[in-house]
Amino acid sequence: MKKFACGLVCGVALASSSVALASNSIQAFLFPVQFEINGSAVSMSKDDKVLQVDGRAYVPIRFVAENLGATIDYDSSMKKILIKNQKLDLVDPTYKNISVGNLIVTKDGNHSKVTGQIEIAGVGNSQNSIEAKLSFYNAANKKLGEAVIRGTNFGVDAQNFLAQGNGDLREYATVTLQVESVNDKKVLKEPGVLYENKDYHFSLTLPKSWVGKYEVVEARNEATEMTYHFIDRANKNYGGVVFSLSVWKRHDWEASESGEMEVGRTKKIGESGSFVVTLSQPGDVQYDPQNEKLTAEYAQMAASITSISTSFQVSK
């Protein structure tokens, strides 16, 4: 009797649902159509279908996004589709032929899934093997985890990759790229140059290529304890500031943090004792834009700022 009653209730519920759906139903038809994207014919897989609903064509969004050169993924926890199609601007300062970008990070159980794109400049084919490491840092410059890129089909055109990261990497604010090997040839990491601040007991690692090209100038102001400008000597007549480190008393930083962060060019990179250290980039041109050599040198130094900021260490 209980089973009969349960079946009756479930049947009524399903019938009621069917009626509700029917009152808001739509008519959809398979729509046989061919695609041409940016002048090239593109075929869909057998699993993909195009529907015609009320005179509109509904196409699988992944098919469209990927054929327009974008990365795409779905974050089930946020119920959000993520699409990125920007310049690949993440590089390893010691191996600049490889560019990575359009990263999308989603949760995958106890790990993170990292979708992105990678390309290699100056190669004539798309059968190059790469192993590289992405390191993710939060807004406080604390390392969240890593993800390793591995593949054998990379070349001059941007190709999608899929990597697994340890931990939850979704709240990242900064990413660094380190190329480990290309076509099974190990990429040697150049030893950096240690900058040590003995007054406030912290250090940074600068690229070896900076040797003899920079100087540090101290500057005082009312807001901070001290500011250190790292200057490109060749562009000193035009300002030459590549980045600035500011040392704050903790309560002064906490009082000014929201305003400084709104500017968008200042971020906290670490703490040393009762002090907070921030890094900022200049908001105006600090090099001679009419001189290609000086422009290129400044750009090369500025490309290392992310890796420099993540090298922050407290020293004795």
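**Strand pairing and selected residues in a predicted model**

Phe202 stands opposite Val314 in strand E23, and I would like to begin this morning with that pair, keeping in mind throughout that what we have on the screen is a predicted model. The strand that faces E23 here is E17, residues 202-206, and the two pair in the antiparallel sense over two bridges. They belong to an open sheet of three strands, in the order E16-E17-E23, with antiparallel pairing. The edges of that sheet are strand E16, which covers 193-197, and strand E23, which covers 313-314, each of them pairing on one side only.

Let me step back to the whole chain before going into further detail. The protein has five helices and 23 strands. Its radius of gyration is 26 Å, whereas the globule rule gives 20 Å for 316 residues, a value that 26 Å is well over, so the protein is more spread out than a compact globule. The C-alpha trace, taken along the principal axes, spans about 85 × 55 × 35 Å.

Turning to burial and surface, 36% of the 316 residues are buried, and the protein exposes about 19000 Å², of which carbon and sulfur atoms supply 50%. As for contacts, if we take those between residues at least 6 apart in sequence, 54% of them join residues at least 24 apart. On the charge side, there are 34 positive and 36 negative side chains, and the centres of these two sets lie 6 Å apart.

I now move to strand E11, which has partners that we can follow one by one. Strand E11, residues 128-137, is joined to strand E12, residues 143-154, by nine bridges, and the two run antiparallel.

Is strand E11 mostly covered or mostly uncovered? Eight of the 10 residues of E11 are buried, which makes it a mostly covered strand.

With a relative accessible area of 11%, below the 20% cut-off, Asn141 is buried.

Asn38 lies in the loop between strand E2, 35-37, and strand E3, 40-42, and, although it is not a glycine, Asn38 has a positive phi of about 55 degrees. Is Asn38 buried or exposed? Its relative accessible area is 72%, and since exposed means over 50%, Asn38 counts as exposed.

Ser280 lies in strand E22, residues 275-280, and at 17% relative accessibility Ser280 counts as buried. Which residues does Ser280 touch, leaving aside those up to four places away in sequence? They are Phe243, Ser244, Arg265 and Thr266. Lys268, which is 12 residues from Ser280 in sequence, lies 8.9 Å from it in space, C-alpha to C-alpha.

Ile81, by comparison, is found in strand E7, residues 80-84, and at 46% relative accessibility, a value between the 20% and 50% limits, Ile81 counts as partly exposed. Leaving out residues up to four places away in sequence, Ile81 touches Ile61, Ile72, Asp73 and Tyr74. The C-alpha atom of Ile81 is separated by 38 Å from that of Leu206, which is 125 residues away along the chain, and with Leu206 we are back in strand E17, residues 202-206, where this talk began.

Conventions:
Residues numbered from 1 in each chain as written. Predicted model: local features only at pLDDT ≥ 70, side-chain atom pairs only at ≥ 80, totals over all residues. Heavy atoms only, no water. Helix = DSSP H or I, 4+ residues; strand = E, 2+ residues; numbered from the N terminus. Rg over C-alpha atoms; globule rule 2.2 N^0.38 Å. Buried < 20%, exposed > 50% of the residue type's maximum accessible area, 1.4 Å probe, protein only. Contact = heavy atoms within 4.5 Å. Areas by Shrake-Rupley, 256 points an atom, 1.4 Å probe, with all protein chains shown as cover. Lys, Arg positive; Asp, Glu negative; His and termini not counted. Charge placed at Lys NZ, Arg CZ, Asp CG, Glu CD. Pairing = 2+ DSSP bridges.
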